[in-house]
Amino acid sequence: MKLNGVLVTLCAVIFLASCSENSDSPESPGTSAIEFSRIHINHLTQSRNSAQNIPFSQFKVYSFTDSPEHYIFDGALVTDMSDGKWECDKREYWYPDHDYWFSAIAPADANGVNFNKLTATQSVYHGGGTITYRPSENGGTLDLLYAFSGRIATPHIIPAKMPPVELEFNHLLSQVTFMFYNDLGNPHFFINVPSITLGNLYSEGVIDLTQPNPQWERSGWDSFWTGAGRVDQIKVNQPKSSSSVYLLPIKMEGAVIQLQTQLFYIENPDDEVGFQFSDVNTFTIDFPDIDFQPGHSYTLIAHLNHDNVEGDTGVVPISFEVQDNSWRYGGIITVP
């Protein structure tokens, strides 16, 4: 009986020793925690956001090790701490001799966004899952961004502090802004555009980011209407722009733009308040034939004059010049 007790004790010691040698747990918890830093956006443009201003303060992170069977982050919240560092609400650690992949979606509180994370093993990982997006749930006001780290391999011996994960976000949607010129030629008149409405827009799209060259596809057949605000006091030689809307990068067949225009008289060209000179005119215009690309910013420019401000509705339709303000100078943007 005594011998058996010794054998049991020896077996237990050997078993525990083997588990300790092969354990993935860091020897000193907290010294090799996964951290995030240097978050930035790929190819910033002045019309969208500036390099000094990341347009979100939180994002969601998804990450697996070695294969999609082992997720360590499943939509964890990462918050800007205003000192160049980003803090995750879940603590995870680097393990030696492992591979990591990180995906991130911003902003974290995005309405209408559903991320179906990758679950099948692939020979090469181009992205972390599939996004289904319904712009109808937020009226096209969301500027959706996505980041993918690619493979991050850890060394055999983990240092006391691993380099933080750096994520480069890419715009997934197309930005559309309207600009109006006052071509009346008379400084005593200004034009108001009291309503800019976009109609018959696609209400749902899907993009499979696990593909080498992912493209948005229409996934729902409903449509919706949304507004781009209003533009007031458009004076001669002082064009003004509307608020932006963010649309699925899909050529939208059947989409329309509904505009209202109204003319005001001002005694002094520097005045900000005028007298109503014409009734409101409403125009419904076919959406320009734009081959939308993700990440591009489009300005739809209209020159307004007496014919399409004072005239009867539909007498002289308003036409738009499309300006592509992309950083690729008109080149095709693909989502990494």
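Which residue pairs with Lys90 in a salt bridge, and at what N to O distance?

**View 1. The salt bridge of Lys90 and Glu92.** The side chain of Lys90 meets that of Glu92 at 3.4 Å, N to O; a salt bridge is a side-chain nitrogen of Lys or Arg within 4 Å of a carboxyl oxygen of Asp or Glu. Glu92 is buried at 14% relative accessibility, whereas Lys90 is partly exposed at 36% (buried, under 20% relative accessible area; exposed, over 50%; partly exposed, in between; 1.4 Å probe, protein chains only). The model is predicted, local features need pLDDT of at least 70, side-chain atom pairs count only at pLDDT 80 or more, and totals for chains, interfaces and linings use all residues. Residues are numbered from 1 along each chain as its sequence is written, and side-chain values use heavy atoms, with hydrogens and water left out.

**View 2. The salt bridge of Glu272 and Lys235.** The closest N and O atoms of Glu272 and Lys235 are 3.5 Å apart. Glu272 belongs to the loop between strand 20 (256-265) and strand 21 (275-276), and Lys235 to the loop between strand 17 (231-234) and strand 18 (240-241), so the pair ties together parts 37 residues apart in sequence. Strands (E, at least two residues) are DSSP runs, numbered from the N terminus. Glu272 is partly exposed, with a relative accessible area of 45%, while Lys235 is buried at 8%.

**View 3. The salt bridge of Asp289 and Lys251.** The side chains of Asp289 and Lys251 meet at 3.5 Å, N to O. This pair links distant parts of the chain, 38 residues apart: Asp289 lies in the loop between strand 22 (281-286) and strand 23 (297-304), and Lys251 in the loop between strand 19 (245-247) and strand 20. Asp289 is exposed at 67% relative accessibility, and Lys251 is partly exposed at 41%.

View 4. The whole structure holds 10 salt bridges.

**View 5. The second largest pocket.** This pocket holds about 250 Å³ of space. Of its 13 lining residues, Glu35, Trp86, Glu87, Cys88 and Arg91 are the closest to its centre. A pocket is an open set of points on a 1 Å grid over the protein atoms alone where a 1.4 Å probe fits, with protein on both sides within 12 Å along at least five of seven lines; lining residues have an atom within 4 Å of a point. Strand 5 gives the largest share of the lining, 4 residues.

Note on methods
Grid points are joined across faces, edges and corners, and a volume is the space filled by probe spheres set on the points.
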